[in-house]
Amino acid sequence: GPGEAEMYAGLQELGVANGEDLKETLKNCTEPLKAIEQFQTENGVLLPSLQYALPFLDLHGTPRLEFHQSVFDELREKLLERVSAIALEGKVEERYKKLEDLLEKSFSLVKMPSIQPVVMCVMKHLPKVPEKKLKLVMADKDLYKACAVEVKRQIWQDNQALFGDEVSPLLKQYILEKENILFSNDISFLQNFFSPSPKTRRQGEVVQKLTQMIGKNVKLYDMVLQFLRTLFLRTRNVHYCTLRAELLMSLHDLEISEICTVDPCHKFTWCLDACIREKFVDNKRARELQGFLDGVKKGQEQVLGDLSMILCDPFAINTLALSTIRHLQDLVGQDTLPRESPDLLLLLRMLSLGQGAWDMIDSQVFKEPKMEAELITRFLPLLMSFVVDDHTFTVDQKLPSEEKGPIPYPSTIPEAFTKFLQENRIACEIGLYYILHITKQRNKNAFLRLLPALVETFSDLAFSDIFLHLLTGNLTLLSDEFALEEFCTSLFDGFFLTACSRKENVHRHVLRLLLHLHHKVAPTKLESLQKALEPTKQSGEAVKELYNQLGEKLELPKPSPAEVTETPSMELPLPTVPTPASR
């Protein structure tokens with residue numbers, strides 16, 4: 001049958017007889033049995049000792065096929081071992097010459113399932129498989145599939161489109177995994193998107209597969225970076241920036257110097273990676289990072305495009321923003337102005353380089369974005385004044401109250417703050433992190449005071465998935481406040497619901513939050529929220545699914561407060577705000 005022809009493909013070219021030849025012989029002979037015996041002698045295993053052993057096996061009913069098969073398997077194993085040994089011995093040119101000769105002889109049998117592993121093994125050990133053979137492999141889907149990754153790399157490096165087809169589903173999977181974490185139904189302030197360490201993240205399936213596909217091949221590494229840049233430009237999706245850094249650090253973990261030494265971002269990324277691990281930029285590393293930025297030479301400015309992409313990774317932004325908030329608190333305690341702190345200025349410089357990544361790569365104008373003086377002279381001092389307001393209020397609460405009665409918490413927001421959040425990207429990013437910070441400290445007063453400023457922010461940053469993911473997590477710390485109508489009205493009507501109808505993702509995040517905290521919400525409020533959050537015809541599957549889950553939860557009888565188990569760590573009395581002296 002056709003399968004048989006396939007099985008013996010290529011034997012004839014080598015002058016080896018096959019089933020067809022035996023048929024021919026039998027058709028044209030007078031004594032078939034003699035002919036078969038002769039065919040066996042000519043084409044059998046040529047070992048004198050076998051002359052007596054084979055009839056003995058016949059007596060035991062062992063089919064000749066089984067015997068030949070086991071001899072064949074044994075030989076194939078030996079041959080595979082030998083090929084691997086040749087690949088390591090003798091002078092480089094000689095060993096590759098031997099393997100090339102072997103490939104020449106065996107390649108015509110590559111379609112024979114029994115021989116294929118040997119041919120593949122020979123190719124795997126050749127640093128340069130002849131062009132003609134690569135083309136044949138590429139043209140045949142099954143052969144291409146059966147190839148070792150070492151051979152595929154040689155094919156990919158000259159076929160960007162084919163390589164793109166292999167990489168593309170992995171990149172889609174990566175983005176999907178990130179989004180699943182951001183929208184996960186588990187909401188907690190202890191475990192969030194930024195919890196896994198860089199080392200853990202690099203063990204992810206996609207990073208590992210890409211690392212394996214690239215091997216030590218600089219050309220393939222460059223292609224992947226090109227794909228990531230293009231996709232980042234096309235979609236503005238910052239997770240591609242994370243993958244860019246993770247991939248480089250994964251190759252760093254494996255000590256692949258062939259690539260690390262030629263990527264001009266390597267040392268910078270390595271240093272930043274250590275900061276991300278600590279979620280803080282300490283002074284020593286700050287100096288080091290500054291050294292890299294100041295060391296960009298004339299004519300090499302293009303490296304800024306790459307560095308900006310590394311800094312645009314949300315894990316980098318998170319680390320820089322958290323460090324900025326910590327620095328501001330320290331400055332309040334030291335009575336120092338932001339412009340007098342070189343460390344703070346460096347953090348802002350890196351934040352603006354990261355936030356400017358898309359524009360820089362898009363415009364191909366490689367220079368550091370200009371820092372707006374107002375950010376340093378007006379906005380940051382404003383944030384510091386909020387920290388001071390909190391201290392004053394806390395201290396006032398503790399003073400024995402005279403006739404004047406309790407001093408109310410300042411409820412108005414300076415107009416400048418709202419304007420900065422709308423018009424300045426860096427100010428907005430830092431402002432949002434400050435709000436996350438006060439929420440994490442359960443500072444309800446400060447939270448309610450600043451919340452109205454979030455309705456309109458630069459490029460809608462307050463409605464971005466990363467911010468909402470972190471905010472919903474931190475709001476679980478204020479869960480008791482959800483029983484208060486006033487709190488709910490400020491949070492839901494004043495903030496979330498302003499964007500729900502125009503932004504599907506906000507709709508999802510509110511439903512996530514309610515699924516988690518519905519038992520804490522004032523019943524009348526819950527009812528009106530359920531109405532307000534009903535999906536429309538335009539709503540996607542995810543929203544409908546969450547809404548239905550919420551509906552099911554609300555039909556169940558509510559647990560009595562005693563049964564609602566809280567994470568024990570939530571019971572820790574957190575200070576409303578740290579006193580500078582104690583830090």
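Let's start with the nonpolar core. The largest one holds 157 residues. Which of them touch the most other members? Phe379, Phe482, Leu491, Phe492, Phe495 and Phe496 do. Bear in mind that this is a predicted model.

Take phenylalanine 496 as a way in. Set aside its neighbours within four places in sequence. Phenylalanine 496 is then in contact with Leu468, Leu471, Leu491, Val506, Val510 and Leu513. In soluble globular proteins, nonpolar side chains tend to be buried together.

Now step back to the whole chain. There are 583 residues, and buried ones make up 45% of them. The chain has 31 helices and zero strands. The accessible surface comes to about 31,000 Å². Carbon and sulfur atoms hold 56% of that surface.

On to charges. A search of the whole structure finds 24 salt bridges.

Lysine 135 forms a salt bridge with glutamate 131, and the closest N and O atoms are 3.1 Å apart. Both residues sit in helix H8, residues 131-139. They are four residues apart, so about one helical turn separates them. Is lysine 135 buried or exposed? At 53% relative accessibility, lysine 135 counts as exposed. Glutamate 131 is partly exposed, with a relative accessible area of 47%.

Next pair: lysine 219 and aspartate 158. Their side chains meet in a salt bridge, 3.1 Å from N to O. This pair links distant parts of the chain, 61 residues apart. Lysine 219 is in helix H14, residues 218-235. Aspartate 158 is in the loop between helix H10 (149-156) and helix H11 (160-182). Lysine 219 is partly exposed, at a relative accessible area of 42%.

Last pair: aspartate 306 and arginine 229. The closest N and O atoms of this salt bridge are 3.5 Å apart. Aspartate 306 lies in helix H19 and arginine 229 in helix H14, so the pair ties together parts that are 77 residues apart in sequence. Aspartate 306 counts as buried, because its relative accessibility is 14% and the cut-off for buried is under 20%. Salt bridges link Arg229, Arg244, Asp263 and Asp306.

Compare that with aspartate 313. Where is aspartate 313? It is in the loop between helix H19 (303-312) and helix H20 (314-334). Aspartate 313 is buried, yet has no salt bridge. The nearest side chain of opposite charge is arginine 201, 4.7 Å away. What does aspartate 313 touch? Not counting residues up to four places away in sequence, aspartate 313 touches Cys241, Thr242, Ala245 and Ile276.

Now some loops. Phenylalanine 458 is in the loop between helix H26 (444-450) and helix H27 (465-475). At 24% relative accessibility, phenylalanine 458 counts as partly exposed. Beyond four places in sequence, phenylalanine 458 touches Leu421, Gln422, Glu423, Asn424, Arg425 and Cys428. Phenylalanine 458 and alanine 427 are 31 residues apart in sequence. In space they are 9.1 Å apart, C-alpha to C-alpha.

To finish, two backbone angles. Glutamine 364 has a positive phi of about 60°, although it is not a glycine. Glutamine 364 is in the loop between helix H22 (357-363) and helix H23 (373-398). At 46% relative accessibility, glutamine 364 counts as partly exposed. Arginine 442 has a positive phi as well, near 60°. Arginine 442 is in the loop between helix H25 (425-440) and H26. Its relative accessibility is 24%, so arginine 442 counts as partly exposed.

Conventions:
Residues numbered from 1 in each chain as written. Predicted model: local features only at pLDDT ≥ 70, side-chain atom pairs only at ≥ 80, totals over all residues. Heavy atoms only, no water. Buried < 20%, exposed > 50% of the residue type's maximum accessible area, 1.4 Å probe, protein only. Lys, Arg positive; Asp, Glu negative; His and termini not counted. Salt bridge = Lys/Arg side-chain N within 4 Å of Asp/Glu carboxyl O. Contact = heavy atoms within 4.5 Å. Areas by Shrake-Rupley, 256 points an atom, 1.4 Å probe, with all protein chains shown as cover. Core = buried A, V, L, I, M, F, W, Y, C linked by side-chain atoms within 4.5 Å.
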